[in-house]
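Good morning, everyone. Please have the sequence and the model open while I talk.

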Amino acid sequence: MVHIVGAGPGDPELLTIKAQRLLSEADVVIYAGSLVNEEILKFCKPDAEIYNSAQMMLEEILHVMAWAEKAGKTTVRLHTGDPSIYGAVQEQMDAMKERGIEFDVTPGVSSFLAAAAALKKEYTIPGGTQTIIITRRGGRTPVPDNESLKKLAQHQTTLCIFLSINLLDDIKRDLMSAGFKSSTPVAVVYKASWPGEEVIIKGRLDNIVQQVKESNIDRTAMIIVGHCLDNKSTQKSNLYSPNFSHMFRQARF
Ligand code: SAH
């Protein structure tokens, strides 16, 4: 059996209880070494066989999984954050299906959520946007034309931009040409939740590029754009309002 497991954003305490249990039971662990915090491997059995997939090709990863299956071993394939977001996990699942390797998936806390926690912000604000767009800027890896930042930005939602810190200049240009004002708040969170390593940079579209340049951050960073980052919500939510009834509470007025 292969368990595909979300390792969370970096803080070992942000593993799910299930992820921790699966790791502690695994005979073989293949982890995404470029991003997973190695501290998390302390939950593995002392005699677990541990592989860093950053140095492996897809075929090699599959070879290890197939060999472990044959030997009746349990494997954990550990992905950063949640495996379903930029996890390159579909091709692995497809190949396992083809080869008759049984697998399941355990979700994890994605880094865009750890970034909101670091910023102490709500992405969906009452009276403001009710939508979060998770995306990346097309670069070496292309993005379909109708999902270009220029097009997505027209909705003026909260944007969580993955894998693009090196393209911040292009992002700024795209967003301004899509109608975002130069004063739009932008935050960059480097290594959200990693104990002792997290860095938060807060700025505006017109000064964030310079700030990030000065910080030397060039990877493992989340870019958040939108008015959710402004200081206060413009309106109170209905959820806790005295004149709004819902399933668990009657209106008081
Ligand atoms: N599946 C992962 C994303 C993998 S893609 C998830 O759900 O989070 C890798 C990108 O995720 C990085 O380039 C960066 O944009 C983001 N990322 C991963 N961990 C991060 C962290 N702790 N803080 C900020 N961004 C992070």
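Let's start with helix 3, residues 90-98. Four of its residues, Gln-92, Met-93, Ala-95 and Met-96, are buried. Look down the axis of helix 3. The buried residues fall within an arc of 165 degrees, so they line one face of the helix. Now turn to the face pointing away from that buried side. There you find Lys-97 and Glu-98, both exposed.

A quick reminder before I go on: this is a predicted model.

What do the buried residues of helix 3 pack against? There are four partners: strand 1 (2-6), helix 2 (58-70), strand 4 and strand 5 (103-106). After helix 3 comes Gly-100, with a positive phi near 70 degrees.

The side chain of Gln-92 makes a polar contact with the side chain of Arg-77, at 2.8 Å. Arg-77 sits in strand 4, residues 75-79. Is Arg-77 buried or exposed? Arg-77 is buried, and it has no salt bridge. The nearest side chain of opposite charge belongs to Glu-91, 8.0 Å away. Leaving aside neighbours within four places in sequence, the contacts of Arg-77 include Val-2, His-3, Ile-4, Ile-30, Tyr-31, Ile-61 and Met-65.

Next, the charged pairs. How many salt bridges does a search of the whole structure find? It finds nine.

Arg-137 pairs with Asp-174, and their closest N and O atoms are 2.6 Å apart. Arg-137 is in the loop between strand 6 (132-136) and helix 5, while Asp-174 is in helix 6, so this pair ties together parts that are 37 residues apart in sequence. Both ends are buried. Arg-137 has 18% relative accessibility, and Asp-174 has 9%.

Stay in helix 6. Asp-170 forms a salt bridge with Arg-173, with closest N and O atoms 2.7 Å apart. These two residues are three places apart in helix 6, so about one helical turn separates them.

Then there is Glu-39 with Lys-42, a salt bridge at 3.9 Å, N to O. Glu-39 counts as partly exposed because its relative accessibility is 45%. Lys-42 is exposed, at 54%.

Now the core. In soluble globular proteins, nonpolar side chains tend to be buried together. Here, the largest nonpolar core has 24 residues. Which residues have the most contacts inside this core? They are Leu-175 and Ile-223. Six elements each supply at least two core residues: helix 5 (149-153), strand 7 (158-162), helix 6 (168-177), strand 8 (185-190), helix 7 (208-215) and strand 10 (221-225).

Take Ile-223. Setting aside its neighbours within four places in sequence, Ile-223 is in contact with several residues, among them Leu-159, Ile-161, Leu-168, Ile-171, Val-186 and Val-188.

Last stop: two backbone details. Ser-193 has a positive phi near 80 degrees, and it is not a glycine. Ser-193 lies in the loop between strand 8 and strand 9 (199-204). With 14% relative accessibility, Ser-193 counts as buried.

Thr-220 is also a residue other than glycine with a positive phi, near 45 degrees. Thr-220 is in the loop between helix 7 and strand 10. At 24% relative accessibility, Thr-220 counts as partly exposed.

That's my tour. Thank you.

Key
Residues are numbered from 1 along each chain as its sequence is written. Side-chain values use heavy atoms; hydrogens and water are left out. A nonpolar core is a set of buried Ala, Val, Leu, Ile, Met, Phe, Trp, Tyr and Cys residues joined through side-chain atoms within 4.5 Å. Buried means under 20% relative accessible area, exposed over 50%, partly exposed in between (1.4 Å probe, protein chains only). Contact means heavy atoms within 4.5 Å. Lys and Arg count as positive and Asp and Glu as negative; His and the chain ends are not counted. A salt bridge is a side-chain nitrogen of Lys or Arg within 4 Å of a carboxyl oxygen of Asp or Glu. A polar contact is a pair of N or O atoms within 3.5 Å; within protein, one must be able to donate a hydrogen and the other to accept it, and residues adjacent in sequence count only if both atoms are side-chain atoms. The arc is that of the directions from the helix axis to the C-beta atoms.
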